[in-house]
Amino acid sequence: MTAFNSFRSSKLVSWKSTGRLQQTLANCVERRGKALHSGKGSTVRLCPGFAGEGRYFDYRSNLIPASIDFVQVSPLCTTLCKNGFRVRTVEHLLSALEAAGVDNCRIEIENLDAEERDVEQIPIFDGSAREWVEAVDEVGLKVATTRDGKHCEKMAAHVNEPVYVWRDDSFVSAFPSNVVKISYGISFPQAPAIGSQWFSTPSVDNLFYTRQIALARTFCIYEEIEQMRNVGLIKGGSLENAIVCCTSKGWLNPPLRFNDEPCRHKVLDLIGDLSLFAQFGNQGLPVAHIVAYKGGHALHAGLARQLMGE
């Protein structure tokens with residue numbers, strides 16, 4: 001069975017079989033922690049999902065699909081919104097699930113405020129995706145079945161021609177390729193310890209992701225922290241869940257896990273944001289050489305929308 005019937009996409013892509021069946025988690029796994037921007041604690045439970053239903057969040061029985069259709073612009077994170085309910089900072093979790101091949105998953109969120117509709121309750125942990133990778137490894141994967149017990153072939157979108165989105169000197173683009181490859185560049189001239197960096201992947205598979213991308217932590221410029229906190233962001237931020245760079249003194253909490261850790265973290269974010277292109281439990285990452293420079297969540301989502309034909 002192929003979960004292919006109602007694909008939405010532009011002529012820029014062609015859907016082809018990956019030669020694999022859709023997967024899900026073999027069991028439920030739970031993690032607790034503090035969110036980056038709200039500073040509040042929560043419990044997230046990852047549960048097996050039915051084939052063809054994809055990944056979605058379950059917050060007090062309100063279901064929010066992990067789909068580009070429900071992405072809302074927000075500062076410094078990716079937000080999903082449906083029927084007035086919002087889940088923020090989903091990118092690290094979705095990045096790990098996409099890379100691990102967890103195609104279908106129910107993501108249950110619990111917090112203490114029964115009235116809250118705008119919720120940022122995905123724990124930040126150490127600022128990387130390592131905890132989510134370990135959670136998936138803890139329970140393992142199994143072939144997913146539909147509600148009537150059938151299997152679904154996993155499809156992937158292959159980019160047919162170059163496509164790009166841009167803003168000023170920032171861009172995200174995708175070029176035809178036989179495998180998923182990513183090249184990402186960043187530039188922070190105000191922070192010489194970061195400076196200009198490029199990171200490229202030969203291909204993106206689960207092993208490469210686990211060893212070379214998942215460990216990269218989120219980062220920020222020390223001189224921008226007060227401004228972010230003044231607008232209600234990073235209330236849960238600390239030297240334990242981000243690497244912080246001072247424009248004059250360099251890194252305040254070394255050592256880095258990689259010399260180009262900030263650039264690798266942007267790749268981590270990109271994978272999480274492009275996972276939102278997934279439909280019906282199929283692959284979210286397009287099969288393409290994705291090239292980005294000074295991108296961010298809005299541009300990442302913009303590329304997904306272009307591929308969707310919006």
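**Exercise 1. Find which residues make the nonpolar surface patch of about 280 Å² in this predicted model.**

Step 1. Patch members have over 30% relative accessible area and no salt bridge, and nonpolar side chains (Val, Leu, Ile, Met, Phe, Trp, Tyr) are joined within 5 Å, like charges within 9 Å. Areas come from the Shrake-Rupley method with a 1.4 Å probe, and for residues only the protein chains shown count as cover.

Step 2. The patch consists of Tyr222, Leu239 and Leu252.

Step 3. Leu252 sits in the loop between strand E20 (250-251) and helix H5 (261-274). Helices (H or I, at least four residues) and strands (E, at least two) are DSSP runs, numbered from the N terminus.

Step 4. Leu252 has a relative accessible area of 36% and is partly exposed; buried means under 20%, exposed over 50%, partly exposed in between (1.4 Å probe, protein chains only).

Residues are numbered from 1 along each chain as its sequence is written. Local features need pLDDT of at least 70, side-chain atom pairs count only at pLDDT 80 or more, totals for chains, interfaces and linings use all residues, and side-chain values use heavy atoms, without hydrogens and water.

**Exercise 2. Locate the partners of the salt bridge between Glu53 and Arg147.**

Step 1. A salt bridge is a side-chain nitrogen of Lys or Arg within 4 Å of a carboxyl oxygen of Asp or Glu. Here the closest N and O atoms are 2.6 Å apart.

Step 2. Glu53 lies in the loop between E4 and strand E5 (55-59), and Arg147 in the loop between strand E12 (141-143) and strand E13 (153-159), 94 residues apart.

Step 3. Glu53 is partly exposed at 32%, whereas Arg147 is exposed at 60%.
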